[in-house]
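Hello,

I am passing a structure on to you, and I hope you enjoy looking through it. Please open it first, and then read my notes below with the picture beside you.

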Amino acid sequence: MSQFSFVIPGEVVLGAGVVNKLAEIGKSYGSKAYLCMDPFLEISGVGSEIEGLLKKDGVDIVKFTKVKPNPSCHDIDEGADLCRKEKCDFMVAVGGGSAIDTAKAIAILAINPGNSWEYIARSDREFRTFSESLPLIAVPTTAGTGTEVTHYSVISNPDIHEKGCIHNKVLVPDFALVDPELMVSKPPKLTAYTGIDAMCHSLESFLNVNSTPFPDMIALESVSLVARYLPEAVANGTNIVAREKMAYASTLGGVAIALAGTILPHGLGQPVSGLVDMPHGASMAASLGHIMEISYTSNIEKFARLAECFGEPLDGLSTYAKAEMSVEFVQRLLKDTGAEVTFGEYGLTEADLEKTAEIAVNNYSFDLNNSPLKVSKEEIIEIYRNCL
Ligand code: NAD
């Protein structure tokens with residue numbers, strides 16, 4: 001076995017009802033919380049329960065709910081102005097990946113200069129670095145991104161129609177309260193897209209050419225859970241066991257990408273998501289089946305291992321046939337959960353393909369380079385065309 005290392009900072013508490021620990025954990029960070037919350041929580045009433053939990057223990061709240069899917073750098077900068085003015089002690093983020101990533105970026109700007117886009121890592125210009133951010137408690141309400149355990153904040157710039165990522169180990173939330181009860185309200189389509197995102201994280205980190213045994217182990221547990229429980233979570237959203245297993249799978253997927261990184265589906269999906277404002281999970285679902293189909297021969301053993309984790313009947317099959325089964329399984333899962341989608345449905349057109357492929361090559365080279373299947377810009381355009 002070659003050398004490898006791993007660090008998992010941040011504490012995770014997982015299970016039905018764990019959100020009730022918010023006050024106890026929060027007050028250890030100070031008396032003024034910046035609550036960054038998805039606006040759907042205001043409508044559902046869950047938001048006021050969460051505010052009540054914090055206030056009950058004497059914590060003052062500054063609330064920010066201007067959170068949109070694919071969060072805009074301008075909204076984040078507005079949220080940061082408020083946080084700087086109010087001098088909050090710590091952040092609480094409640095919502096999907098967009099709310100948590102918004103809070104992560106505000107946590108940086110609260111104690112560092114500049115605006116959020118200046119911190120996005122890009123190869124075409126200098127970017128700001130930092131070594132501290134405000135403490136953050138993350139409470140995810142979707143099961144997909146795993147951002148509650150990653151060191152990434154993914155934000156969008158509507159001026160140039162691109163997404164970008166800030167990465168720094170201090171961005172890993174200090175606490176993640178992963179409560180499946182907060183996820184039962186997700187409608188089937190959102191459950192499917194976010195669940196496929198969790199599947200992508202785990203598949204991609206496992207297939208990443210730089211993967212190592214520890215994230216592999218985590219990723220394989222995650223893919224098994226998604227394979228088994230996503231259809232039920234979509235079909236019966238109030239099944240708390242299915243929600244809990246999906247929540248766990250998502251957190252594991254976050255740990256896996258934080259340790260091993262993503263590959264082609266993210267490298268190609270993120271540029272589209274930025275360009276046409278496509279939901280993140282949908283932008284993964286659009287190409288996952290096709291990418292698996294054209295990639296499985298690049299690492300037959302690993303794809304065969306995936307088929308075993310999917311619980312497919314494999315007795316007597318060759319490694320090659322098992323690898324083929326893994327592709328069929330994922331394509332069936334996309335179909336059965338209603339996650340089948342095309343980039344075209346969200347507005348990507350033939351005229352966008354050259355530019356989108358350019359963004360993938362320039363800004364997502366790490367995803368492309370770490371994929372077992374190497375693709376040129378022309379081949380990326382062809383993949384996009386197949387998934388249009
Ligand atoms: P989201 O946060 O964008 O939310 C999508 C929609 O779901 C919103 O309309 C929201 O109001 C709604 N919603 C959230 N929770 C709900 C619930 N319990 N019930 C009903 N509706 C609910 O979706 P997401 O997929 O969780 O996050 C996507 C974002 O996360 C993207 O910006 C993506 O790039 C980012 N991301 C970040 C990381 C990371 O490690 N930082 C990893 C993957 C993705």
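One term to begin with: a residue counts as exposed when its relative accessible area is over 50%, and as buried when that value is under 20%. Please also keep in mind that this is a predicted model.

Is Thr 238 buried or exposed? Its relative accessibility is 61%, so Thr 238 counts as exposed. You will find Thr 238 in the loop between H7 and helix H8 (240-260). Thr 238 and Met 183 are 55 residues apart along the chain, and their C-alpha atoms are separated by 8.8 Å.

Now for the inside. Nonpolar side chains tend to be buried together in soluble globular proteins. Here, the largest nonpolar core has 74 residues, and those that touch the most other members are Ile 196, Leu 268, Leu 306, Phe 310 and Tyr 384. Helix H7 (residues 213-235) contributes the most to this core, with twelve residues. Another core, of 31 residues, lies apart from it, and its members include Cys 36, Ala 105, Ile 155 and Leu 171.

Leaving out residues up to four places away in sequence, Tyr 384 touches Leu 268, Pro 271, Val 272, Phe 343, Leu 353, Thr 356, Ala 357 and Ala 360.

Next comes Lys 163, which sits in strand E7 (residues 162-167). Lys 163 is buried but has no salt bridge. How far away is the nearest side chain of opposite charge? That side chain belongs to Asp 277, and the distance is 7.3 Å. What Lys 163 does have is a polar contact of 2.9 Å between its side chain and that of Asn 70, and another of 3.2 Å with the side chain of Gln 270. Beyond its neighbours within four places in sequence, Lys 163 is also in contact with other residues, including Trp 117, Ser 273, His 280 and Tyr 364.

Last, the ligand. There are 27 residues around the ligand, and Asp 38, Gly 97, Ser 98, Thr 142 and Thr 150 come nearest. An oxygen atom of the ligand lies 2.7 Å from a polar side-chain atom of Asp 38. For Ser 98, an N or O atom of the side chain is 2.6 Å from an oxygen atom of the ligand. Lys 186 takes part through its backbone: a polar atom there is 3.5 Å from a nitrogen atom of the ligand.

How values were computed:
Residues numbered from 1 in each chain as written. Predicted model: local features only at pLDDT ≥ 70, side-chain atom pairs only at ≥ 80, totals over all residues. Heavy atoms only, no water. Core = buried A, V, L, I, M, F, W, Y, C linked by side-chain atoms within 4.5 Å. Buried < 20%, exposed > 50% of the residue type's maximum accessible area, 1.4 Å probe, protein only. Helix = DSSP H or I, 4+ residues; strand = E, 2+ residues; numbered from the N terminus. Contact = heavy atoms within 4.5 Å. Lys, Arg positive; Asp, Glu negative; His and termini not counted. Salt bridge = Lys/Arg side-chain N within 4 Å of Asp/Glu carboxyl O. Polar contact = N/O pair within 3.5 Å; in protein donor to acceptor, adjacent residues only side chain to side chain. Near = heavy atom within 4 Å.
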